[in-house]
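Subject: Structure handover

Hello,

Here is the structure I am passing on to you. Please open it first, then read the notes below.

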2 protein chains.
Amino acid sequence: MKKYTEMTAAELISERAALDMAYKKECEKHLSLDMSRGKPSTAQLDLSNELLKILDGEDARAENGFDVRNYGILQGLPEARRLISELCCVDDDNVIIGGTASLEVMYNTLSRAMTFGVDGKSEPWSRQGKIKFLCPAPGYDRHFGMTADLGIEMINIKMTNEGPDMDEVERLVSSDASIKGMWCVPKYSNPDGITYSDETVRRIASLTPAARDFRVFWDNAYIVHDIYDAPDALLNIFDLTRGTKNEDMVYMFVSTAKITFPGGGISAFVSSKNNVAHALSHMKYQTISYDKINQLRHVRFFGGADGVRAHMKKHAAILRPKFDIVLSTLSKELGGLDISRWREPKGGYFVSLYVMNGTAKRVFELCKNAGVTLTTVGATYPYGVDPDDSNIRIAPSYPTEAELYDAMRVLCVCVKLAAAEKLLGTKG
Amino acid sequence: MKKYTEMTAAELISERAALDMAYKKECEKHLSLDMSRGKPSTAQLDLSNELLKILDGEDARAENGFDVRNYGILQGLPEARRLISELCCVDDDNVIIGGTASLEVMYNTLSRAMTFGVDGKSEPWSRQGKIKFLCPAPGYDRHFGMTADLGIEMINIKMTNEGPDMDEVERLVSSDASIKGMWCVPKYSNPDGITYSDETVRRIASLTPAARDFRVFWDNAYIVHDIYDAPDALLNIFDLTRGTKNEDMVYMFVSTAKITFPGGGISAFVSSKNNVAHALSHMKYQTISYDKINQLRHVRFFGGADGVRAHMKKHAAILRPKFDIVLSTLSKELGGLDISRWREPKGGYFVSLYVMNGTAKRVFELCKNAGVTLTTVGATYPYGVDPDDSNIRIAPSYPTEAELYDAMRVLCVCVKLAAAEKLLGTKG
């Protein structure tokens with residue numbers, strides 16, 4: 001197939017007519033498909049059903065003899081902290097177990113910094129006038145949502161294939177003391193599926209922030225979420241900051257949302273001992289403890305970090321064919337047309353498709369009218385604005401394989417149709 | 001027995017010598033007993049063991065067909081909201097289901113008011129200079145802890161047998177716009193076990209606050225926690241505020257902490273539709289939803305509000321003998337001595353003992369040295385200071401009956417010994 005960008009006007013008009021026909025046919029099927037959110041499928045949820053019945057009243061005791069059904073143990077069960085610390089390659093003392101989702105841990109951490117500051121010495125962020133966060137984009141919409149809600153200004157940072165544009169990050173962080181934080185999804189980034197290179201992690205670990213109370217919000221959401229063989233490897237940033245002036249610079253967040261049950265898993269705050277102590281010094285007024293029963297369920301279910309990794313292979317076996325469908329359809333339908341680009345992630349939950357600049361919203365509308373729901377265009381950018389109107393986040397996990405074939409076929413027709421319209425508008 | 005206050009110095013010296021002997025005997029037993037926290041006993045926890053196994057993957061669907069193992073439904077499962085709304089005699093729309101403990105819901109509500117204000121119109125509390133809360137005292141130490149942590153000044157309000165001293169509350173609330181809130185445990189108050197009278201609830205519902213953004217934090221922790229027949233009845237404050245200028249004045253908090261499992265139950269925020277909408281408008285950035293699996297477990301376990309009430313009768317059967325031991329020992333050992341007073345609560349978790357002014361800390365120390373741990377004296381007051389050094393909170397739920405006999409006997413010896421010392425010090 002010829003590149004759209006090299007077609008004559010007549011060829012484009014003919015192509016567009018064919019696409020119009022194809023699109024009408026899709027509309028007549030009255031599909032109702034959703035590729036908008038990174039929700040695990042029912043088959044994935046079923047992998048953890050045993051967790052629901054693994055505990056009863058007779059064996060609801062932690063290894064230290066503590067009855068998990070009663071009050072206490074703010075920092076989380078020792079064995080739950082050990083499970084997380086093994087997964088994250090840190091010490092148990094670096095871990096606080098949170099509630100049933102890591103989003104809340106992130107929000108509470110951000111809110112705590114606003115209200116109290118980060119270390120008991122520096123001023124609360126909310127008392128320091130306008131403050132700013134660096135937001136590698138596209139990124140996770142909920143990071144940007146909470147940052148905006150708390151009144152923090154967001155600065156877009158371009159993503160490269162190695163992670164955030166570090167020249168820009170270093171320039172800004174070292175020169176502007178009102179920049180207090182930076183969001184990162186360092187492994188299989190949402191939505192691009194990019195894993196930060198060793199060089200990127202090293203440069204982040206050795207930042208020289210103008211703000212003494214600068215913090216990296218390291219959302220390691222996909223820490224064990226490999227889908228293909230030869231998965232990406234992420235450097236352990238704590239190995240790089242430990243013992244340096246940046247020892248307290250990184251807050252890491254993890255959860256089992258996409259390992260066991262979203263909103264019913266366990267989550268954790270992982271950081272330096274100073275940061276753990278500071279967090280606990282305020283958390284102790286917020287709760288007596290999070291759900292230790294669910295913590296013990298997870299420990300019993302997995303045994304240890306190896307159990308988690310074995311479990312993730314079952315998820316991968318379910319997700320791999322779905323990612324294959326998305327990637328092979330993109331390649332077959334859009335390859336060589338010079339109207340889009342995408343990466344082939346080795347894990348995570350998304351495929352990030354960049355359509356011709358200025359057509360993403362149009363693609364969304366066309367898909368919507370044909371019964372296919374995509375993530376709202378712009379949602380993956382601060383303030384909901386994709387400056388290029390180009391990025392479309394594809395979430396393949398929830399639909400069935402048959403639905404995915406349908407949805408991807410519709411999407412590709414819409415991407416081509418929007419591009420043809422755009423090129424004709426430009427040329428004509 | 002003669003009143004200590006009417007004894008001669010010689011009689012007191014003789015009494016004190018006898019008490020010294022008795023106390024030494026207790027110390028020689030090397031007891032290790034804890035009456036410090038309102039923790040349910042193992043037998044109480046066992047009442048809810050069925051909850052742990054009530055759900056499996058096959059039936060993990062809400063009545064609307066929603067798979068509770070997946071993302072979604074911020075406000076909580078409809079049937080969980082209905083369970084709480086039935087218990088609280090409000091509409092489903094007035095309920096948000098929170099995490100596994102109500103303390104966190106209270107903290108988040110207070111923190112939200114600090115950060116965002118209460119209604120999207122008034123200024124955040126944190127931007128209004130010094131603000132204050134009324135704190136009926138003695139009260140719940142964790143209320144005071146979070147209030148202090150968030151930098152809010154606390155004003156002690158005396159408790160009467162009908163609830164907080166309403167003359168004082170009305171005077172302060174109507175004249176000082178920096179007073180933004182008031183803590184209340186309206187039924188079986190912690191620690192006094194006082195249920196607010198109808199008159200008190202009516203006066204609270206019709207307050208005329210100088211601050212437009214004044215809120216009552218109505219911690220209905222013991223809403224169904226009756227222990228004796230003919231339990232106390234609390235007016236439904238929402239029946240009194242609905243449709244009035246105070247419709248948005250009350251935040252209510254409830255949980256199943258002391259119904260099923262502390263830290264593993266379900267909790268709720270109950271308030272006007274305006275307040276629910278405002279809370280959700282920020283909560284949506286904090287979490288996608290709380291644990292719906294645990295919500296469904298609770299609905300399946302209880303069926304409805306009647307199921308909860310039937311369950312509470314089983315708790316009462318376990319707690320009643322323990323309260324009987326406390327009350328009968330107090331009556332037998334301290335009755336008529338004119339050195340202490342206490343109430344006989346019909347429910348809740350505590351017996352509140354007022355020892356001779358200026359001796360509570362001494363009683364605590366004496367008990368500690370004899371192996372009996374009491375709630376830290378002063379903890380039930382703002383800033384940890386009991387102005388009379390008189391209140392001792394007794395928590396009878398966790399020890400066994402045998403342990404309670406021992407602990408109460410030690411406590412009464414210590415109360416008498418401290419009183420004799422004090423009176424001799426005064427007289428001598």
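In this predicted model, the centres of domain 1 and domain 2 of chain A, taken over C-alpha atoms, are 31 Å apart. Domain 1 of chain A is assigned to 4-44 + 310-427. Domain 2 of chain A is assigned to 62-303.

Domain 1 gives 24 residues to the contact, and domain 2 gives 27 residues. On the domain 1 side, three elements of chain A each supply at least two residues: helix H11 (305-334), strand S11 (351-355) and strand S13 (391-394). H11(A) has the largest share of that side, with 6 residues. By class, the domain 1 side that touches domain 2 of chain A holds 13 nonpolar, 6 polar and 5 charged residues.

Now to a helix pair between the chains. Helix H4 of chain A covers residues 102-116, and helix H5 of chain B covers residues 102-116. Their axes come within 11 Å. How do H4(A) and H5(B) lie to each other? The axes cross at roughly 55°. That angle lies between the 35 degrees limit for roughly parallel and the 65 degrees limit for roughly perpendicular, so H4(A) and H5(B) are oblique to each other. The crossing of H4(A) past H5(B) is left-handed.

Which residues meet there? From H4(A) come Ser111(A), Met114(A) and Thr115(A). From H5(B) come Ser111(B), Met114(B) and Thr115(B). This contact of H4(A) with H5(B) has 2 nonpolar residues, 4 polar residues and no charged residues.

Best wishes

Technical notes: Residues numbered from 1 in each chain as written. Chains lettered and ligands numbered in written order. Predicted model: local features only at pLDDT ≥ 70, side-chain atom pairs only at ≥ 80, totals over all residues. Axes fitted to C-alpha atoms, helices over the stretch in contact; angles between N-to-C directions. Helix = DSSP H or I, 4+ residues; strand = E, 2+ residues; numbered from the N terminus. Parallel < 35°, antiparallel > 145°, perpendicular 65-115°, else oblique. Left-handed = near helix turned anticlockwise from the far one by under 90°. Contact = placed C-beta atoms within 7 Å. Nonpolar A, V, L, I, M, F, W, Y, C, P; charged D, E, K, R; others polar. Domains from an automatic or database assignment.
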